[in-house]
Amino acid sequence: MTPTGKANATAINAHNAHCILLNLKLFPLPRAGRGIVRMKDNPFSRLAGAPQQNYPWTTSDELLYMSDSLSFDRIADKFDATRSYPDETWSAVIEAIAGALDKEKRILEAGVGTGRFAGPLQAKGFNVVGVDISARMLEKAREKKVENLFEADLRALPFRDHVFAQTISIHVLHLIKGWKCALAEIARVATDSFVSVGFMKEESPAEEIRRLYDEACKQLGFAVQHQGVRERDLPELLPPDSEKLIVTLERPVDVQKLIEDYESRTYSQEWSVPDDIHAQAIQAMREACEGVETVMGKERIVLLVWDMKRIRKFSKGEEPYRT
Ligand SMILES: C[S@@+](CC[C@H](N)C(=O)[O-])C[C@H]1O[C@@H](n2cnc3c(N)ncnc32)[C@H](O)[C@@H]1O
């Protein structure tokens with residue numbers, strides 16, 4: 001059930017059923033239109049008909065990963081507010097992505113979230129289809145009038161081979177334990193290029209404060225880490241075909257707000273930190289920052305583009321999850 005209630009869910013289901021029927025006749029993939037195609041409702045999904053919380057093809061380890069405890073559902077309400085950028089910076093990011101995409105072709109946004117990229121790109125006339133595993137993030141995107149949304153796992157995409165030309169994926173691969181499976185799936189469904197944006201945090205006082213959390217956890221015996229690879233670190237494993245600086249952003253960061261965001265576990269790498277260690281790490285941040293109101297943060301924002309053939313080769317041998 002979506003947070004917006006039963007009536008809404010019924011409307012979405014009716015809409016999806018209509019789109020799916022239409023689609024089966026006309027298109028190689030179901031059209032979500034203004035609704036969200038759920039995993040179990042999607043005729044091309046390997047999960048079609050399966051209860052959503054019961055994935056028969058997972059091992060118990062994978063099932064744990066896919067449980068709600070690691071879902072972005074938990075921060076859907078505050079996601080946009082805690083990841084905001086000045087308007088002119090965001091416009092430059094959207095323009096740069098748009099410049100790497102082809103309006104005539106179908107584009108997949110893998111891990112579309114609340115539609116921060118898909119929304120403005122659709123408004124510019126790009127044919128973007130968004131996929132995400134989090135129903136609540138998708139619901140937020142739908143509230144913002146983002147269209148063509150599919151609830152699915154990137155490691156088992158519910159689409160036929162080669163139905164997309166390009167894929168965008170931003171801030172997603174670090175969350176996925178089988179991130180190479182996700183890449184293999186992306187390279188199966190898309191033909192031309194893989195586009196991402198690296199938000200590279202530069203050395204700065206704000207970065208030092210962020211690091212305090214990880215360091216405190218480490219001292220207490222817990223290594224804070226991602227289960228996948230950040231897109232911004234992918235160039236170290238597979239150099240991109242093109243890399244272009246979009247903007248360098250220096251801005252003041254409100255220190256108490258930063259600590260509050262950490263305290264409420266806004267960032268996914270904090271989600272597996274045990275409560276007692278988390279509490280002590282926050283205390284360490286507070287003590288180190290006592291009396292400090294704002295510090296400067298610095299970020300380099302970079303457009304990264306890979307030829308999909310190289311992504312395919314790189315992820316070859318990673319069998320996508322199958323039923
Ligand atoms: C940090 S958010 C980024 C969302 C969006 N790309 C953005 O930058 O605004 C990561 C998104 O990836 C989604 N995600 C994580 N694992 C996924 C998976 N296995 N399949 C599909 N989506 C996944 C999360 O639900 C979340 O919405």
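Visitor: How do you know which residue is which, and what counts in a predicted model?

Guide: Residues are numbered from 1 along each chain as its sequence is written. In this predicted model, local features need pLDDT of at least 70 and side-chain atom pairs count only at pLDDT 80 or more, while totals for chains, interfaces and linings use all residues.

Visitor: What is the mean pLDDT of the chain, and where is the pLDDT below 50?

Guide: The pLDDT is the predictor's confidence in each residue, from 0 to 100. Its mean over the chain is 82, with 76% of the residues at 70 or more. Residues 1–28 have a pLDDT below 50, and this stretch has 33 contacts in the model beyond near neighbours in sequence. Residues 43–69 also fall below 50, with 36 such contacts. Two residues are in contact if their C-beta atoms, placed from the backbone, lie within 7 Å.

Visitor: Why is Ser 193 called buried?

Guide: A residue is buried if 20 or more other C-beta atoms lie within 10 Å of its own, exposed if 12 or fewer, and partly exposed in between, with C-beta atoms placed from the backbone. Ser 193 has 22 within 10 Å, so Ser 193 is buried. Ser 193 sits in strand S6 (residues 190–201). Helices (H or I, at least four residues) and strands (E, at least two) are DSSP runs, numbered from the N terminus. Beyond neighbours within four places in sequence, Ser 193 is in contact with Gln 166, Val 305, Trp 306, Asp 307 and Met 308.

Visitor: How do you know that the span of helix H8 agrees with its number of residues?

Guide: The expected span of a helix is 1.5 Å times one less than its number of residues. Helix H8 (residues 205–219) has 15 residues and should span 21 Å; its end C-alpha atoms are 21 Å apart, so the two agree. The buried residues of H8 are Ala 206, Ile 209, Tyr 213, Ala 216 and Cys 217. Their cover includes strand S7 (242–254), helix H10 (255–263), helix H11 (275–288) and strand S8 (294–307). Just after H8, Gly 221 has a positive phi of about 95°.

Visitor: What makes helix H6 mostly covered?

Guide: In H6 (residues 135–143), 8 of the 9 residues are buried. Among them are Arg 136, Glu 139 and Lys 140.

Visitor: What is called a nonpolar core, and how many residues has the largest?

Guide: A nonpolar core is a set of buried Ala, Val, Leu, Ile, Met, Phe, Trp, Tyr and Cys residues joined through C-beta atoms within 7 Å. The largest has 57 residues, and Ile 97, Leu 108, Val 131, Ile 186 and Val 197 have the most contacts inside it. Helix H7 (residues 179–189) gives the largest share, 7 residues. Another core, of 12 residues, lies apart from it and includes Tyr 213 and Val 255.

Visitor: Which residues are closest to the ligand?

Guide: Of the 17 residues that surround the ligand, the closest are Phe 72, Gly 111, Gly 113, Ile 133 and Ser 134; the cut-off is a C-beta atom, placed from the backbone, within 6 Å.
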